[in-house]
Amino acid sequence: MNTKPVTDRRVRVQGVPVEGVYPVRAPESARGQVLRITVAGEDILHRPCKPADAEFGTAWLSQLIDDMFITMYVADGAGLAANQVDVDLRLFVYDCYDDDDVRHVGHVLNPVVDPVAPEERRLLEAGEGCLSVPGPVFDVPRAERAVVRGLDKEGKEVVIEGTGYFARCLLHETDHLNGLVYVDRLTKRQRRSVLQEMDDVKESVFARRVERAKALGASPKVQ
């Protein structure tokens with residue numbers, strides 16, 4: 001009798017399975033302070049970010065990653081790109097489950113998505129939101145599998161593979177660093193509708209983030 005293989009459900013940190021119990025929130029978040037999240041329409045979200053170069057191994061980069069993790073949690077997100085906190089750098093962090101309920105946590109600098117041959121590419125259409133488009137969710141087609149190659153904060157190579165929702169997260173965040181927000185993949189009519197909904201509900205979303213920050217004991221960073 002054929003049975004589906006049991007999935008290794010260990011948490012993946014930087015693409016590597018870890019033993020033992022992993023905390024509810026990545027340890028980096030305990031060292032971070034909450035940053036302001038940019039909103040669709042701000043220039044930094046609509047142009048490609050600069051590659052990381054001299055930042056590797058610096059205290060500044062480590063602190064930025066810490067700050068991005070706690071900011072992502074306060075906003076109840078699964079990923080966050082540096083330009084979403086007004087930093088022009090090819091970096092994103094993530095804490096996201098795939099469709100097998102396996103949790104993936106980490107960060108990537110200078111990410112590049114592996115190309116996929118058209119005949120091997122399968123698209124899945126599902127609801128997608130964005131912390132920089134506070135409120136609305138809209139169906140966006142994305143590849144069901146993605147492989148992202150980049151570097152960690154020390155400049156070491158990392159390869160992160162995702163399927164299902166985690167693949168969507170990897171592609172969404174890499175899009176950000178290329179100057180694309182998910183609404184850029186919609187028709188003009190769809191985009192207008194999403195942005196109008198954002199304008200209608202964003203203040204309530206911001207208020208929920210403030211309350212969540214208080215609940216997590218997170219403090220805003222003076223910028």
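Phenylalanine 166 is buried, at 0% relative accessibility; buried denotes under 20% relative accessible area, exposed over 50% and partly exposed in between, with a 1.4 Å probe and protein chains only. This is a predicted model, in which local features need pLDDT of at least 70 and side-chain atom pairs count only at pLDDT 80 or more, while totals for chains, interfaces and linings use all residues. Residues are numbered from 1 along each chain as its sequence is written, and side-chain values use heavy atoms, leaving out hydrogens and water.

Let me turn to the aromatic rings. The structure holds three aromatic pairs; rings of Phe, Tyr and Trp (its six-membered ring) pair if their centres lie within 6.5 Å, and planes under 30 degrees apart count as stacked, over 60 as edge-to-face and the rest as tilted. One of them joins phenylalanine 92 to tyrosine 94, a tilted pair at 6.2 Å centre to centre with 55° between the planes. Phenylalanine 92 has a relative accessible area of 0% and is buried, and tyrosine 94 is buried at 1%.

How far apart are the ring centres of tyrosine 94 and phenylalanine 166? They lie 5.3 Å apart with the planes at 45°, so this pair is tilted. It links distant parts of the chain, 72 residues apart: tyrosine 94 belongs to strand E4 (residues 91–97) and phenylalanine 166 to helix H2 (residues 164–177). Helices (H or I, at least four residues) and strands (E, at least two) are DSSP runs, numbered from the N terminus. Phe92, Tyr94 and Phe166 together make one aromatic cluster.
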